[in-house]
Amino acid sequence: MTRQAQLIEYITQDILAYLMEEKDIDWPEAMRIFYSSKTYERLYDIETGLYLESSAYVFGILTDELKYGKIIQSEI
């Protein structure tokens, strides 16, 4: 497993755990939500570099996507 794949896997596991806790849903539902998101697509696209960010940062992007229906990535 490459370093990128390992980081992506760790972030994915964290995101699923965050979803289950925040939304009080089970594992399969968390997987359905995350795997059907644009955030998931961007995380798995090595070119975006999103896999280098923290799990909390990626979860924030997903939360905004779920709230607004699109990815909103605000930068300082």
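Visitor: What span does helix H4 reach from its first C-alpha to its last?

Guide: This is a predicted model, in which local features need pLDDT of at least 70, side-chain atom pairs count only at pLDDT 80 or more, and totals for chains, interfaces and linings use all residues. Residues are numbered from 1 along each chain as its sequence is written, and side-chain values use heavy atoms, with hydrogens and water left out. Helices are DSSP runs (H or I, at least four residues), numbered from the N terminus. H4 covers residues 55–68, 14 residues in total. At 1.5 Å times one less than its number of residues, the expected span is 20 Å, and H4 comes close to that with 20 Å.

Visitor: Within what arc do the buried residues of H4 fall?

Guide: Buried means under 20% relative accessible area, exposed over 50%, and partly exposed in between (1.4 Å probe, protein chains only). In H4 the buried residues are Ser55, Val58, Phe59, Ile61, Leu62 and Glu65. They line one face of the helix, because, by directions from the helix axis to the C-beta atoms, they fall within an arc of 155°.

Visitor: Which exposed residues does the face of H4 turned away from its buried side carry?

Guide: The buried residues of H4 are covered by elements including helices H1 (3–23), H2 (27–35) and H3 (38–44), where contact means heavy atoms within 4.5 Å. The face turned away from that buried side carries the exposed residues Ala56 and Lys67.

Visitor: Which pattern does the protein follow along the sequence?

Guide: The protein has four helices and zero strands. Read along the sequence, its pattern is α-α-α-α.

Technical notes:
Helices (H or I, at least four residues) and strands (E, at least two) are DSSP runs, numbered from the N terminus.
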